[in-house]
2 protein chains.
Amino acid sequence: MLLFSVSSLGVAADKHTLRLAQTWGPNSPILGETTLNMAKMAEEMSGGRLKIRIDSANKHKAPFGIFDLVRNGQYDMGHTASYYYKGTIPNAMYFTTVPFGMIAPEMYAWFYHDQGMELMQKVYEPFGLQSFPGGNTGNQMGGWFNKEINSVADLKGLKMRTPGFAGEVMAELGVAVTNLPPGELYTALERGTVDAVEWVGPALDFPMGFHQIAKYYYSGWQEPGAEVQFLINDKAWNKLPKDLQAILRIAMRTAAYDMYIQTTHESGVAWDRMKEDYPNVTHKTFPPEVINAMRDATNKLLAEAAEKDDLAKEIINSQRDYLKQVRQWTNISDKAYLNSIATD
Amino acid sequence: MLLFSVSSLGVAADKHTLRLAQTWGPNSPILGETTLNMAKMAEEMSGGRLKIRIDSANKHKAPFGIFDLVRNGQYDMGHTASYYYKGTIPNAMYFTTVPFGMIAPEMYAWFYHDQGMELMQKVYEPFGLQSFPGGNTGNQMGGWFNKEINSVADLKGLKMRTPGFAGEVMAELGVAVTNLPPGELYTALERGTVDAVEWVGPALDFPMGFHQIAKYYYSGWQEPGAEVQFLINDKAWNKLPKDLQAILRIAMRTAAYDMYIQTTHESGVAWDRMKEDYPNVTHKTFPPEVINAMRDATNKLLAEAAEKDDLAKEIINSQRDYLKQVRQWTNISDKAYLNSIATD
């Protein structure tokens with residue numbers, strides 16, 4: 001009896017619950033499954049000593065306010081994308097993705113074997129936060145278009161929903177960029193209020209139904225390996241014993257990788273179904289003239305950002321230098337291999 | 001005082017040490033670092049309750065006998081590659097890689113979201129073993145050649161070191177396949193005893209020094225995403241409490257992904273250094289005629305294997321069907337993106 005009560009006391013004292021706020025809604029495919037996967041791993045590995053209580057957007061009402069909720073300590077953790085906070089913390093966005101930047105394995109290699117983690121910490125430290133990779137969407141598609149894009153001239157005056165950095169690049173090329181809320185996109189595209197919509201990729205585009213109403217599905221350039229993020233308040237982190245810190249760190253790391261693999265799978269399944277159900281859906285790539293113009297506009301915007309801020313410059317240069325090296329390897333390995341099997 | 005002794009007893013009783021035998025030598029780059037990474041994660045997450053004691057090839061003297069060592073219970077765990085056991089357990093080899101098969105993210109998607117894990121378990125269950133993905137080498141290079149390969153005729157009589165399935169395919173095309181031990185490869189290539197050597201990729205080829213003596217570095221076709229493996233004896237697994245099982249499972253899963261990312265990084269670094277130190281090293285891709293002949297020979301060998309064994313057939317068909325679907329996605333995402341930036 002004494003043994004039982006001592007042991008219970010010990011266990012009770014060592015239990016930790018972290019409250020996590022996520023950008024996504026409840027039951028959000030892939031993104032929401034990633035936080036559930038992380039929480040489940042943490043709980044199983046800790047024998048129930050570490051619980052993550054997840055609140056979705058319907059509960060906290062601040063899908064794009066996760067950074068503040070965690071910084072202010074209203075939540076211990078967050079799951080969101082750093083480029084949503086461009087206004088408050090502009091240098092955060094480079095840790096999500098950059099147009100014409102790294103694909104997922106290159107991005108993880110930069111984070112874990114080059115300067116990625118260190119630079120990300122430099123950005124978040126002043127806010128009393130730690131940031132970790134939180135899952136990769138894989139290469140995002142360029143969007144659904146109702147018109148073929150054969151030249152830069154075809155972009156002039158095109159009404160397109162595309163947010164963030166990609167929106168700024170498109171605006172440079174004369175696109176009339178709008179940022180409608182997700183719920184209005186289908187109707188806007190169907191009625192011609194917009195000519196094109198950029199969302200994510202097959203896995204997340206499929207439930208939106210764009211393939212039912214838009215003819216051309218363009219390959220992407222704007223988010224070649226978008227990484228979402230876990231945020232943790234330093235105070236919550238420091239309260240955890242060493243073993244639970246290790247469990248949390250590795251649960252986040254695994255959940256991030258797992259999301260990349262889940263997206264790979266579900267994009268394959270969804271793209272297959274789209275083509276089967278709507279055989280008119282046509283895959284397209286932007287012609288070199290258009291890609292080059294997008295790239296020039298991207299480089300111009302990055303150079304402007306680097307000029308304005310020393311830390312931005314450090315991050316942009318680090319990513320550019322790393323990409324230059326690792327892409328040479330990607331080119332002689334996966335790219336050469338995929339191109340060698342021309343008929344697939 | 002009572003609290004202390006009760007608590008110490010509890011902790012002591014709950015400590016577990018697993019002995020792991022690995023194919024690799026001590027301090028083996030990437031492969032050996034993967035088991036160290038796994039062991040470190042397991043120990044940190046369990047607060048020291050789970051220790052993995054690693055024995056390298058110099059200790060157990062059976063680099064290609066890991067399967068038997070773990071099956072017979074001489075070791076609890078192993079880290080090896082399933083295609084080394086083609087003789088004893090021929091269906092295991094498909095879980096490493098197959099020529100013209102899946103690249104790393106596609107392979108992980110097959111393991112974790114399609115039939116991969118289930119089929120692998122079907123192969124290992126009769127031996128009282130569990131097998132888990134243990135790290136991906138990324139896309140392996142086709143090898144170092146002292147002669148250009150411009151046609152299938154150029155392969156006839158070519159003396160080449162290339163083991164396993166790739167060796168069988170090459171033999172079908174008239175190559176004189178040899179399998180020299182690693183320590184003899186450099187001298188054999190330098191003296192012309194062999195005309196070509198297939199090893200792994202830049203990260204592991206660099207320390208071998210082939211770039212100093214061979215002119216052509218060909219992109220690969222034979223191991224597009226080779227996954228090594230962790231093996232565990234069922235009895236050792238069943239002795240672990242649930243939380244340590246979860247810790248071990250997730251430490252292995254993370255270490256496997258981590259190896260893929262580490263290889264990506266180190267291959268980028270090594271390829272860069274090779275080109276800098278030896279500017280004459282030339283990257284080549286096999287011409288379509290040669291690729292098509294290799295592919296036909298691969299399909300012939302796979303068809304023969306499928307005909308002989310029902311489980312082989314099930315695995316080969318599962319991989320083929322899955323690849324057909326997921327590759328469509330890879331083609332419109334990473335492949336299209338990498339090709340759109342033609343100058344890099």
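This is a predicted model: local features need pLDDT of at least 70, side-chain atom pairs count only at pLDDT 80 or more; totals for chains, interfaces and linings use all residues.

Reader: Which residues of α5(A) are the buried ones?

Author: They are A:Ala104, A:Pro105, A:Glu106, A:Met107, A:Tyr108, A:Ala109, A:Trp110, A:Phe111 and A:Tyr112.

Reader: And what covers the buried residues of α5(A)?

Author: The cover includes α6 (116-124), β4, β10, α11 (242-277) and α13 (310-340) from chain A, along with α11 (242-277) from chain B.

Reader: Let's take α11(A). At what angle do the axes of α5(A) and α11(A) cross?

Author: At roughly 165°, and the two axes come within 11 Å. The cut-off for roughly antiparallel is over 145 degrees, so α5(A) and α11(A) count as roughly antiparallel to each other.

Reader: Is the crossing left-handed or right-handed?

Author: Right-handed, as α5(A) passes α11(A). On the α5(A) side the contact is made by A:Ala104, A:Pro105, A:Tyr108 and A:Tyr112. From α11(A) come A:Arg253, A:Ala256, A:Tyr257 and A:Tyr260.

Reader: OK, back to the strands. Where does α5(A) lie?

Author: Across β4 and β10 of chain A, running at about 160° to β4(A).

Reader: What about β4(A), is that strand mostly covered or mostly open?

Author: Mostly covered. Strand β4 of chain A spans residues 129-136, and eight of its eight residues are buried. Seven bridges join β4(A) to β10 of chain A (residues 227-233), and the two run antiparallel. As an example, A:Gln130 stands opposite A:Ile232 in β10(A).

Reader: Why call β10(A) largely enclosed?

Author: Because seven of the seven residues of β10(A) are buried, the strand is largely enclosed by the rest of the structure. In a regular strand the side chains alternate between the two faces of the sheet. Here both faces of β10(A) are covered. On one side A:Glu227, A:Gln229, A:Leu231 and A:Asn233 are buried, and on the other A:Val228, A:Phe230 and A:Ile232 are buried too.

Reader: How many bridges does β10(A) make with β3 of chain A?

Author: Four, with strand β3 (residues 77-80) of chain A paired to β10(A) in the antiparallel sense. In β10(A), A:Phe230 is the bridge partner of A:His79.

Reader: So what's the strand order of the sheet in chain A?

Author: β2-β1-β3-β10-β4, an open sheet of five strands with mixed pairing. Its edge strands are β2 (50-55) and β4 of chain A, each pairing on one side only. On average, neighbouring strands of this sheet are turned by 25° against each other, direction ignored.

Reader: Which strands does helix α2 of chain A lie across?

Author: Helix α2 (residues 31-45) lies across β1 (16-22), β2, β3, β4 and β10 of chain A, and runs at about 160° to β2(A).

Reader: Switching to chain B: what's the strand order there?

Author: In chain B an open sheet of five strands has the order β2-β1-β3-β10-β4, with mixed pairing.

Reader: Which helices pack on it?

Author: Helix α2 (residues 31-45) of chain B does, touching β1 (16-22), β2, β3, β4 and β10 of chain B, with its direction at about 160° to that of β2(B). Helix α6 (residues 116-124) of chain B also packs on the sheet, touching β4 and β10 of chain B, and its direction makes about 130° with that of β4(B).

Reader: Last topic: at what angle do α13(A) and α11(B) pack?

Author: At about 100°, with their axes 8 Å apart. That makes α13(A) roughly perpendicular to α11(B). The contact includes A:Tyr322, A:Trp329 and A:Ile332 of α13(A), and B:Tyr260, B:Val269 and B:Trp271 of α11(B).

Reader: And how do the residues of that contact divide?

Author: For α13(A) with α11(B), seven are nonpolar, six polar and three charged.

Note on methods:
Residues are numbered from 1 along each chain as its sequence is written. Chains are lettered from A and ligands numbered from 1 in the order in which they are written. Side-chain values use heavy atoms; hydrogens and water are left out. Buried means under 20% relative accessible area, exposed over 50%, partly exposed in between (1.4 Å probe, protein chains only). Two strands pair if DSSP finds at least two bridges between them. Contact means heavy atoms within 4.5 Å. Axes are lines fitted to C-alpha atoms, for helices over the stretch in contact, and angles run from 0 to 180 degrees between N-to-C directions. Angles under 35 degrees count as roughly parallel, over 145 as roughly antiparallel, 65 to 115 as roughly perpendicular and the rest as oblique. A crossing is left-handed if the near helix is turned anticlockwise from the far one by less than a right angle, and right-handed if clockwise. Ala, Val, Leu, Ile, Met, Phe, Trp, Tyr, Cys and Pro count as nonpolar, Asp, Glu, Lys and Arg as charged, and the others, Gly among them, as polar.
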